[in-house]
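Please open the model in your viewer and keep the selection tool at hand. The tour goes from one selection to the next, with a short account of what is found at each stop.

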Amino acid sequence: MNRLTRTFSYVLTFALVLLSSLLSFAAFAGSSQQFHLDIPTINEDIEVDGDFNEPAWQNATEVILRYETSPGENTAAPVTTTAKVYASNTSLYFAFTAHDPNPENIRANLRDRDKSWGDDMVGIKLDTFNNARLAYQFFINPYGAQSDSIENELTGQESDAWDGIWYSKGKLTKNGFQVEVQLPLRLFNFDDSNPIQNWGIELIRFYPRNEFHRLSTHQIDRNVSCQLCQLGIASGLAGATQGKDLQLTPSIVANKSQQRDATQTQPWSDDSNVDVGLDLRWGITPTTLLNATLNPDFSQVEADAGQLDVNNTFALFFPEKRAFFLDNKDYFDTQLDLLHTRNISSPDYGLKLTSKTDDHTFAILAANDVQTQFLVPGNLSSDIAVLDQQSQNMATRYRFDASKQLSIGGLVTLKQADDYHNYVASADIKYQPTQQDTFTAQYAHSQTAYPEDLFKQFCGSNDCSPSNSNCDNRNCAINERVLRTNKEGDFNDAMFSLTYEHERRNWYTTTHYESIGKDFRADLGFIDKIDVTKFVAGGGYIWYPENNFLNKITLGGDWDITHSQDNERLEQETEMFIELEGGLQSYIATGIVQRERVGRRHDPSLINIDGNSTMFDQTMGWFYTNFTPISSVKLELDMFLGDDIDFANNRPATVNMINPGIEWKLTESLVLDISYRYQTLDVDHGRLFTANLSDVRLNWQLSLNSFIRLSSVYTRIERDPDLYVYQRPDRLYQDMGNELLYGYKLNPQSVFYLGYSDAFIANDDIDSLTQDEKTYFMKISYAWLL
């Protein structure tokens with residue numbers, strides 16, 4: 001079957017499945033018929049202190065969280081929870097009373113923002129446009145510790161990176177706990193031209209005991225795949241306006257860094273800096289937000305989780321954690337990862353405008369970067385390229401929400417430097433013709449130009465380094481990255497993706513097809529594979545046992561096949577798995593994978609696969625679990641074993657990986673997180689390598705506003721150089737990074753940080769761990785709410 005015929009058959013499959021789903025059309029849930037809340041406007045602001053003694057609470061609307069939606073299926077809530085709500089001219093107010101027959105079992109800890117998951121909590125979910133696209137989420141534990149996030153129905157993801165400035169206070173009582181919340185209207189994007197607001201709403205309580213109970217003001221239909229479509233309606237906020245929404249956050253950052261070559265007895269080189277920065281957040285209208293930053297500093301960002309980069313041919317992914325890029329990030333999201341702002345490594349300035357008017361959403365982001373960094377993708381490997389050139393970066397997104405069922409959008413990204421550019425334009429659609437069916441599609445086209453000597457970065461010869469101006473094709477050890485970057489002039493290509501999902505209470509099915517051209521690039525995103533076509537089909541069945549240790553069982557699997565654009569088979573995989581959820585807040589999943597996959601190219605100077613690679617057979621088993629045996633301890637275990645490929649030497653191998661972890665709440669304010677990864681790779685003549693990664697983090701929450709955090713990540717890799725065919729690596733490699741940080745947060749933008757970090761390294765030339773970096777830093781910032 002040729003590639004065109006195969007593509008047509010895949011698309012025909014999509015069409016037939018979609019047509020069958022249309023026959024079962026039903027109206028979406030999420031109307032006022034399931035839950036309706038009238039919010040009175042009372043022109044009285046209160047002190048948020050956890051006590052409900054102000055007169056305004058006597059006239060607030062009261063509701064009861066009557067239902068358990070998980071693990072029970074809309075059963076009666078096991079405990080009583082009431083909430084009161086009213087609005088003033090400037091804020092929304094909520095008062096929760098959470099009863100508990102055994103208050104000594106309440107799980108409450110002092111935690112930093114977004115770190116209290118697993119505690120008892122009450123929460124609020126608000127869709128301010130009631131269009132089932134985005135929802136603000138606010139959760140509070142019994143001590144008032146805050147967690148907030150954005151739920152995005154378009155991508156199916158929840159991002160807790162968003163941090164708004166709002167107020168809460170909690171307190172334990174003899175009958176449970178109570179929480180008071182103030183949500184300033186300046187937090188929200190909404191249409192203030194409406195005399196009466198109609199927002200989507202759900203009030204929630206998390207009640208973690210042997211099982212993790214989710215309680216709600218209304219029922220959730222498991223036969224409906226769309227979650228935000230099932231929100232109730234909150235009516236009121238008569239004449240609500242966002243008011244003046246201007247926030248200026250100046251900052252001062254001082255740091256002193258020292259570096260040295262650990263292989264030589266050279267003195268430290270010092271570098272000291274004091275920088276002043278400014279962030280602006282301006283709600284131009286209730287639906288339009290402007291963010292700007294000058295000389296931003298990201299020293300407060302928590303260190304990335306440790307990752308092992310062994311026997312891996314593709315670049316590692318690290319999530320975005322910087323506040324400027326995360327605020328209203330969801331406005332830029334599409335099904336494809338065409339915007340990954342970690343590719344903007346060190347900007348001097350940034351500007352972001354996001355707006356929603358009626359059914360139209362618009363967003364634009366612009367920032368420079370002191371260097372140019374992007375991903376060089378391939379179909380068997382990828383790597384990071386860095387140019388010593390300042391770059392300009394821009395992304396703009398438009399989306400039209402024709403209804404709760406249909407969204408159409410477009411995204412354009414631009415990245416350019418002196419003799420380099422990458423432009424991407426894409427269009428996407430999401431259509432939900434029924435409560436159970438979702439169809440998504442996206443098409444993207446790129447134009448790129450590389451510097452003439454970019455390929456030199458990836459040459460494997462000592463004679464062909466980026467600093468060697470005499471390097472050319474003749475003395476360059478060619479590999480896939482060289483072939484993908486040795487380009488002349490502009491080059492263009494496209495990719496497209498089609499996905500269909502059908503989800504019901506007890507079963508689901510999904511099919512997916514994507515095609516990525518040889519010369520497609522998305523340098524402001526994270527598309528690490530090109531020159532591929534892939535088809536995936538899968539599904540599963542779900543049981544919900546009652547009165548059993550297990551409350552949910554999922555049995556599923558999928559089959560996929562991947563080819564190059566020249567119809568050369570790269571991989572074919574079949575996977576079966578089972579997932580179990582139940583007592584001890586447990587989640588257990590295990591599966592088996594049978595795969596045929598090509599190794600490295602025999603002749604790396606040729607791009608073809610057929611006749612230039614070996615197809616390896618692999619059978620691998622995997623297992624994952626996490627559970628909470630006691631309230632203060634959460635245990636986690638991830639492992640896999642079976643056949644693998646030794647990519648460095650292009651031969652079959654056997655892999656064993658075990659990754660245990662523990663979160664131990666030593667006290668209500670002190671928590672210890674430990675993760676350890678142990679991985680081995682064996683070949684016919686012995687053990688090729690043993691890799692160890694230890695990640696230890698200790699957090700002492702002195703109060704809701706201040707903390708001390710210690711983190712340490714240690715990597716140790718032992719290799720047998722005699723077993724390597726094409727290279728001779730170090731027998732031993734070690735590195736360690738440490739950070740000690742004191743932080744005081746009046747709110748997410750008004751902060752004081754004082755910290756120290758360092759790094760150690762060891763290899764065959766350095767007998768023991770030797771310090772080669774150390775940094776001292778301080779940051780002060782204050783958010784002026786004008």
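Are Arg 397 and Asp 428 buried or exposed? Select the two residues in this predicted model, and you will find that both Arg 397 and Asp 428 are buried. Their side chains meet in a salt bridge, with 2.6 Å from N to O. This pair links distant parts of the chain, since Arg 397 belongs to strand 23 (residues 391-401) and Asp 428 to strand 25 (residues 420-431), 31 residues apart.

Next, select Glu 596 and Arg 569, whose side chains also meet in a salt bridge (2.6 Å, N to O). Here Glu 596 lies in strand 32 (residues 586-598) and Arg 569 in strand 31 (residues 569-582), 27 residues apart. Glu 596 counts as partly exposed because its relative accessible area is 24%, and Arg 569 is likewise partly exposed, at 27%.

Then select Lys 125, Glu 151, Glu 202 and Arg 214 together, which are linked in a network of salt bridges.

For the next stop, turn to the cavities, of which the structure holds 3 of 30 Å³ or more. The largest cavity has a volume of about 180 Å³, and among its 17 lining residues Phe 129, Leu 134, Ala 135, Tyr 136 and Tyr 331 lie nearest its centre. Strand 8 (residues 134-140) gives the most to this lining, with 3 residues.

Finally, select Trp 507, Tyr 541, Trp 543, Leu 555, Met 576 and Ile 592, which make a nonpolar surface patch of about 580 Å².

Terms used: Residues numbered from 1 in each chain as written. Predicted model: local features only at pLDDT ≥ 70, side-chain atom pairs only at ≥ 80, totals over all residues. Heavy atoms only, no water. Patch = residues over 30% accessible without salt bridge, like charges linked within 9 Å, V, L, I, M, F, W, Y side chains within 5 Å. Areas by Shrake-Rupley, 256 points an atom, 1.4 Å probe, with all protein chains shown as cover. Salt bridge = Lys/Arg side-chain N within 4 Å of Asp/Glu carboxyl O. 1 Å grid on protein atoms, 1.4 Å probe; cavity = no way out; pocket = protein on both sides within 12 Å on 5 of 7 lines; lining within 4 Å. Points joined across faces, edges and corners; volume = space filled by probe spheres on them. Helix = DSSP H or I, 4+ residues; strand = E, 2+ residues; numbered from the N terminus. Buried < 20%, exposed > 50% of the residue type's maximum accessible area, 1.4 Å probe, protein only.
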